[in-house]
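Reader: I am new to reading protein models and would like to go slowly through the charged side chains here. Could you take my questions one at a time?

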Amino acid sequence: MQEFDKVGVVGLGTMGAGIAEVFARAGFQVWGVEVDGDALDRGRDHVRSSLSKAVDKGKLGAEERSGILDRIAFTTDREDLRDADFVVEAVPERMDLKRDVFADLDRICPPGTILATNTSSLSVTEIAALTDRPDKVVGLHFFNPAPVMKLTEVVSTISSAQATVDIATEVAKRIGKTPVTATDRAGFVANALLVPFINDAVSVYERRIASREEIDTAVTKDADLPMGPLALADLVGIDVCLAVMDVLWEEFRTPRYAATPLLRRMVAAGRLGRKSGRGFYDHGGRANMPEDLPAGQLAQAVRTGSFGFDLAAMLLVPHVNDALRMVGDGYASAQDVDTAMRFGCGYPKGPVELFEERGIPWFGAVLEAPIPARLTTATAAPVLLAMEVNGHRSLH
């Protein structure tokens with residue numbers, strides 16, 4: 001792999017500051033760029049706060065913290081990236097902002113500089129087309145918090161040179177991440193699986209089938225997940241969840257990817273999760289969102305298992321079905337799917353592993369159950385039929 005001396009990170013919000021920290025921890029010289037002094041100060045504070053927490057937890061020494069900070073130069077001038085070897089864009093998910101950044105980077109940086117976007121929902125292909133070097137543009141999608149989560153999705157376009165993808169993959173490894181490579185498709189691997197799962201949980205809550213706590217507790221207890229889907233929506237950002245759902249809808253145009261109305265209304269009301277202080281839960285000392293009215297008799301029947309299965313299965317099975325469909329479509333291998341969800345979302349077992357552990361009867365019972373005992377009218381992924389016909393028990 002070619003040697004790098006200077007890495008740029010454009011945009012120092014929570015994610016961008018975390019990315020700058022990750023590169024500096026790995027020994028790179030980093031230039032962190034923001035639009036103005038106030039934003040730059042906030043970005044610097046993000047990095048300092050993150051490193052201080054690591055020191056307090058005994059995961060980093062004070063001397064190491066100083067060394068990491070010394071390797072990050074903070075600036076408001078993109079021209080400081082004129083001799084950068086590798087640049088990661090991490091500005092908000094708006095194409096107009098990214099258009100401005102990539103036009104500048106294409107003009108400022110040497111022809112050999114690789115430009116990466118941290119987008120989680122926009123087309124990497126469209127971003128690459130904003131430049132005169134589409135062969136040197138890739139997606140490098142980190143997960144929040146970037147210094148902690150081990151997954152990085154390396155996303156190629158039809159214009160990306162293989163050498164560019166190979167270098168980006170090696171860079172991900174050098175900064176301590178586990179890379180999963182994917183082609184440019186809405187949601188890539190992790191978000192295309194995670195966000196519809198969150199959307200389903202929001203739908204269950206909106207339909208008064210269960211409370212916030214019942215939904216999150218059911219899933220965390222059943223699958224040993226570190227966080228329930230509604231709590232995770234608050235962490236990810238409800239606006240981010242909506243944006244991903246809308247991108248999935250635009251690409252696939254199937255009911256599976258229609259955002260539930262409550263998700264859109266919460267964004268309109270400014271209840272974005274932790275970053276706004278309010279989401280499905282209270283994060284800023286204000287009153288929680290009011291609970292729904294008591295569930296109706298039909299909803300209570302679903303919750304208590306009158307149809308022969310439970311709330312957790314109602315949520316997990318469509319999630320697993322999405323993973324099987326992704327594998328069956330050839331977009332990602334079973335190993336990549338499970339790696340993405342374990343290292344990007346903290347799953348103890350990936351969705352394919354979960355399916356193989358529990359078997360076809362657990363899976364089929366929910367998909368064949370009557371509405372409203374399941375969330376969608378989706379049928380089992382075709383790969384499941386192939387497994388049954390051939391007697392296969394594993395996709396790994």
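Author: At 7% relative accessibility, Lys6 counts as buried, where buried means under 20% relative accessible area, exposed over 50% and partly exposed in between, with a 1.4 Å probe and protein chains only. This is a predicted model, in which local features need pLDDT of at least 70, side-chain atom pairs count only at pLDDT 80 or more, and totals for chains, interfaces and linings use all residues. Residues are numbered from 1 along each chain as its sequence is written, and side-chain values use heavy atoms, with hydrogens and water left out.

Reader: Which residue forms a salt bridge with Lys6?

Author: A salt bridge is a side-chain nitrogen of Lys or Arg within 4 Å of a carboxyl oxygen of Asp or Glu. For Lys6, the closest N and O atoms of the pair are 2.6 Å apart, and the partner is Asp83.

Reader: Is Asp83 buried or partly exposed?

Author: The relative accessible area of Asp83 is 46%. Because that value lies between the limits of 20% and 50%, Asp83 is partly exposed.

Reader: How far apart are the closest N and O atoms of Glu353 and Arg342?

Author: Glu353 is partly exposed at a relative accessible area of 28%, and Arg342 is also partly exposed, at 29%. Glu353 and Arg342 form a salt bridge, and their closest N and O atoms are separated by 3.6 Å.
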